[in-house]
Amino acid sequence: MKPKEAHAPAIQVMERMFALLDVLAGHQDPVSLKALSEATGLHPSTAHRILNDLTLGRFVDRPEAGSYRLGMRLLELGNLVKARLDVRDAALPAMRELHKFTHQPVNLSVRQGDEIVYIERTYSERSGMQVVRAVGGRAPLHLTSVGKLFLACDDSARVRAYATRTGLAGHTRNSLTDIGALERELASVRQRGIARDDEELELGVRCMAAGIYDDQAKLVAGLSISAPADRLEESWVVRLKETAAQISAALGHRA
């Protein structure tokens, strides 16, 4: 067996159980007892006893004599963990760190129909920017950086249906109110992986946003930095992407 690490389980049988589960997790097909014994360094009889107990608990299945695979109980427990994952809880610590880095408001938003909803925000008075839309506030998809991330995930037919429903109403002189201009903008978002709001929702305010994805690689939220138009720094893009990726990883996303 591998030498014990500083934080190895205090109970030896637990360490052996973890080793067996790790080996099984690395194989899609059932694994023989011999292969498991060789991979973990456990004597076949020891591995057999532990695997029998794991089978009783449905943590391991035995599709046929002498071979094993991960059991359905792990899936059931994994689904419980997934159901308890809250994007806000996963995002908030990372959002605070990003705010410390930029000293500007950092927003977490999700899509609801044709709008985004702000579900969390970190900001301070030092940002020099009045926060107009509080947590719970809404805004049209096509006028916001996060909204553009979600529209960029839609196909052309859905984008055009959105344009028909909303009329692409504008809020400022910079608002994208033409379907052709919006489609070009969305193509750029797909290419860059970053979306922007250039004073399209509010004059004097610019934003940049990166997507947050779950374990199924589905866009579930957007992380954005808002700042006075003359204070938004392009150098923040790298940190923004890294923070969004960190939150995505906490939700089970694998890049």
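This report describes salt bridges, a helix pair, nonpolar cores and selected residue contacts in a predicted model.

**Salt bridges**

| Salt bridge | N to O distance |
|---|---|
| R88 and D89 | 3.5 Å |
| E234 and R196 | 2.9 Å |
| E234 and R206 | 3.9 Å |

The side chains of R88 and D89 meet in one of these salt bridges. R88 counts as partly exposed because its relative accessibility is 32%, which falls between the limits of 20% and 50%.

E234 takes part in a salt bridge with R196, in which the closest N and O atoms are 2.9 Å apart. E234 is located in the loop between β9 (219–228) and α9 (236–250), while R196 belongs to strand β7 (residues 195–198), so the pair ties together parts that are 38 residues apart in sequence. Both partners are partly exposed: E234 has a relative accessibility of 44%, and R196 has a relative accessible area of 23%.

E234 also forms a salt bridge with R206, with 3.9 Å between the closest N and O atoms. This second pair links distant parts of the chain, since E234 sits in the loop between β9 and α9 and R206 in strand β8 (residues 205–213), 28 residues apart. Through shared partners, salt bridges join R196, D198, R206 and E234 into one network.

**Packing of α2 against α3**

Two packed helices are described by the angle between their axes and the distance between the axes. For helix α2 (residues 33–40) and helix α3 (residues 44–56), the angle is about 110° and the axes are 9 Å apart. The helices α2 and α3 are therefore roughly perpendicular. On the α2 side the contact is made by L33, L36 and S37, and on the α3 side by P44, A47, H48 and L51. Classified by residue type, the contact of α2 with α3 has 5 nonpolar, 2 polar and no charged residues.

**Nonpolar cores**

The largest nonpolar core has 24 residues, of which M208, I212, L223, I225 and L240 touch the most other members. At least two residues of this core come from each of α5 (87–102), β4 (106–112), β8, β9 and α9. A second, separate core comprises 22 residues, including A139, L141, L149 and L168.

The surroundings of I225 can be set out in more detail. When neighbours within four places in sequence are left aside, I225 is in contact with L98, T102, Q104, P105, N107, R206, C207, M208, L232, W236 and L240. R206, one of these contacts, is also the salt-bridge partner of E234 described above.

Q104, a contact of I225, lies in the loop between α5 and β4. Q104 counts as buried because its relative accessibility of 5% is under 20%. Although Q104 and A227 are 123 residues apart along the chain, their C-alpha atoms are separated by 5.8 Å.

T122 is found in strand β5 (residues 115–122). With a relative accessible area of 9%, T122 is likewise buried. Apart from neighbours within four places in sequence, T122 is in contact with L92, M95, R96, H99, Q104, P105 and V106.

Note on methods. Residues numbered from 1 in each chain as written. Predicted model: local features only at pLDDT ≥ 70, side-chain atom pairs only at ≥ 80, totals over all residues. Heavy atoms only, no water. Salt bridge = Lys/Arg side-chain N within 4 Å of Asp/Glu carboxyl O. Buried < 20%, exposed > 50% of the residue type's maximum accessible area, 1.4 Å probe, protein only. Helix = DSSP H or I, 4+ residues; strand = E, 2+ residues; numbered from the N terminus. Axes fitted to C-alpha atoms, helices over the stretch in contact; angles between N-to-C directions. Parallel < 35°, antiparallel > 145°, perpendicular 65-115°, else oblique. Contact = heavy atoms within 4.5 Å. Nonpolar A, V, L, I, M, F, W, Y, C, P; charged D, E, K, R; others polar. Core = buried A, V, L, I, M, F, W, Y, C linked by side-chain atoms within 4.5 Å.
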